[in-house]
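The entries follow the order in which I went through the chain.

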Amino acid sequence: MNLRPLPPQGSTLARLRYTPTHLISAILTKITKNFYYNTIKNTKWYIMKEIVLATFNARYTHTSIALRYLFANLKELQSKSKILEFVINSSAADAVESVLTLNPKIVGIGAYIWNALEVQEFINILKKVSPQTMIVLGGPEASHFPYRVDFERADFIIQGEGDIAFYELCKNILQNNTPKDRIIKAPMVDMNAIYLPYDFYDEQDIKNRYCYVEASRGCPFTCEFCLSSIDKKVRDMDIEKFLSELEKLWQKGVRNFKFIDRTFNLSIANANRILDFFLSKNEEYFVHFEVVPDHFPQELKERIAKFAPASLQLEVGIQTLNPIIAKNINRRLNIPKIKENLAFLQNETKAHLHVDLIVGLPGESVEGFGTNLDMLYSLTQCEIQIGILKKLSGTTLCRHDEEEGMIYSDKPPYDILKNNLISFAQMQKMKRFARFWDLVYNSGNFKKTAPLLWSDGKVYKGFYDFSEWIYSQTESTWQISLERLSNLIFLYLVKVLNYKDEAIKKVLIEDIMGQRGRKLPSFLRDDFVPRQTKDTIIKTNKRQLKHLKDKNNED
């Protein structure tokens, strides 16, 4: 390993020649301690790495399984490599600084819909301050044309699965055999021929973050809005090998598992083995799967019903309940099976459910979306995630653009701005609707209060009216505290919907105080006195006053 040299330590060692033997050991011990505290601990020395693997995660609690796959398959280059993970909305310049402390020859970075702009800025800064550093770009945002974020300054782009292609490229670069082609088309890998990433979740990952795992790649379905539909072949990992890796993670202390398989319940035999693995454990854990809604045979149902509360989360993709709309985007839709399986999951299991609906699908109006929401709410009272349609490069959604008037943002996440059925102004309202729905309904903070916002099963109409009203009060959908949100809900129910204030206070108190550690909002207290608004408010700059006070003291 290469180390940056220390500055000279002075003449201490020279004086050892005249020092009694019994003191030499103590002096050397002191020198060693000073060496550690003044260099290694204070990061004045750095272990050099020829390859850095980096990305920007959406949250600190997330980890990148992709970087760990690349690292696992670097073979003899692994000792010369290091993973560095950052978080979106952090400084790209700071990330570049951290990377360059390792003085790498190659930086591999993953670009996704949530971090494409950060990655772009990272690449631009890095190539300006260290043009000799080779940048290898990968990830979904790099894998499909057209690019709507400028990645021109990346030296190489790997399109597809980079597990093996990244190693081969790095090896060639380090051997001064740099490829001529900038774009490298990587084929799909054999899942049973590559090294797995799970040894590279470290102690901090296990303690503070989610560990992502996968038992398969690909999706057999052809939904036009989804990148997974490109890989029409599902590749399962050898189940014995995978279960062995799960057991190793368990023994290391992992208790939060998020499966990234697009269709976990496609192979029922493998799904049953994985569920049996978790059901055999006695300690508390959390496991998340993404499932298709129409494939729950009895043997799978029996296992799901055994999971304890808060241990199992299922993400169920619905997207639309309109057969015509579903057919138009090549999505399979079996409504009788969906109703049957949602009823089972709702009434006979303790699984926590997320079901998904999309606003803006080709040919679907806001009224059509509202019908979907009303129907879905009648089937399950779980979380209903409302997403806004996004057009990802590589999908076939673009075939509807001209006929349906589909207009999308050019910036990530490339969400729809308008179409022939939904104007721009109406789409803006629906985006606010989705945000407020998440704050009020999906948050779980208002389980008893939220249903009072609608009546007679007209969920969409009732919440749409509330969404319009609350935005007129806040003029924002962000940074709304729980106390303020509670107060706004209270005011709407009492002043707009004419509920009795004492009845609403009682329900709100039950909702808010249902969780430990919560402080009762001031407006719900018996001794609450509304703050009086003064006619004239003189605004002062507190910072100026502080400096003025110091100046007066000097005088």
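**Overall burial and composition.** I began with burial and found that 47% of the 555 residues of the chain count as buried, where buried is under 20% relative accessible area, exposed is over 50%, and partly exposed lies in between, with a 1.4 Å probe and protein chains only. I noted at once that this is a predicted model, in which local features need pLDDT of at least 70 and side-chain atom pairs count only at pLDDT 80 or more, while totals for chains, interfaces and linings use all residues. Residues are numbered from 1 along each chain as its sequence is written, and side-chain values use heavy atoms, with hydrogens and water left out.

I then looked up the surface, and the chain exposes about 29,700 Å², of which carbon and sulfur atoms supply 51%; the areas come from the Shrake-Rupley method with a 1.4 Å probe, and for residues only the protein chains shown count as cover. The secondary structure comes to 20 helices and 16 strands, taken as DSSP runs numbered from the N terminus, with helices (H or I) of at least four residues and strands (E) of at least two. Of the contacts with a separation of 6 or more, 71% are between residues 24 or more positions apart, a contact being heavy atoms within 4.5 Å.

**Nonpolar cores.** Which residues have the most contacts inside the largest nonpolar core? I found Phe259, Phe278 and Phe289, in a core of 107 residues. Helix α16 (residues 424-442) gives the largest share of this core, nine residues. A second, separate core has 27 residues, among them Leu84, Phe86, Val99 and Tyr414. The term covers a set of buried Ala, Val, Leu, Ile, Met, Phe, Trp, Tyr and Cys residues joined through side-chain atoms within 4.5 Å. Leaving aside residues up to four places away in sequence, I listed the contacts of Phe259, which include Val213, Phe242, Leu246, Ile274, Phe278 and Phe289.

**Helix α3.** I checked helix α3 (residues 65-72), and seven of its eight residues are buried. The buried ones are Ile65, Leu67, Arg68, Tyr69, Leu70, Phe71 and Ala72. Among the elements that cover them I noted β1 (51-57), β2 (81-87) and α7 (165-174), and also α8 (203-208), β7 (211-213) and β8 (216-217).

**Backbone exceptions.** Most residues other than glycine have a negative phi, and most peptide bonds are trans, so I looked for departures from both. The bond from Phe145 to Pro146 is cis, with omega near 0°, and Pro146 lies in the loop between α6 (140-143) and β5 (156-160). The bond from Pro412 to Pro413 is also cis, with omega near 10°, and Pro413 sits in the loop between β15 (407-408) and β16 (416-418).

For positive phi I recorded Asn89, near 75°, in the loop between β2 and α4 (92-100), where Asn89 is exposed at a relative accessible area of 71%. I recorded Asn176 as well, with phi near 60°, in the loop between α7 and β6 (183-186) and exposed at 72% relative accessibility.

**Val291.** Is Val291 buried or exposed? I found Val291 in strand β11 (residues 286-291), and Val291 counts as buried because its relative accessible area is 4%. Beyond four places in sequence, Val291 touches residues including Phe264, Asn265, Phe296 and Leu314.
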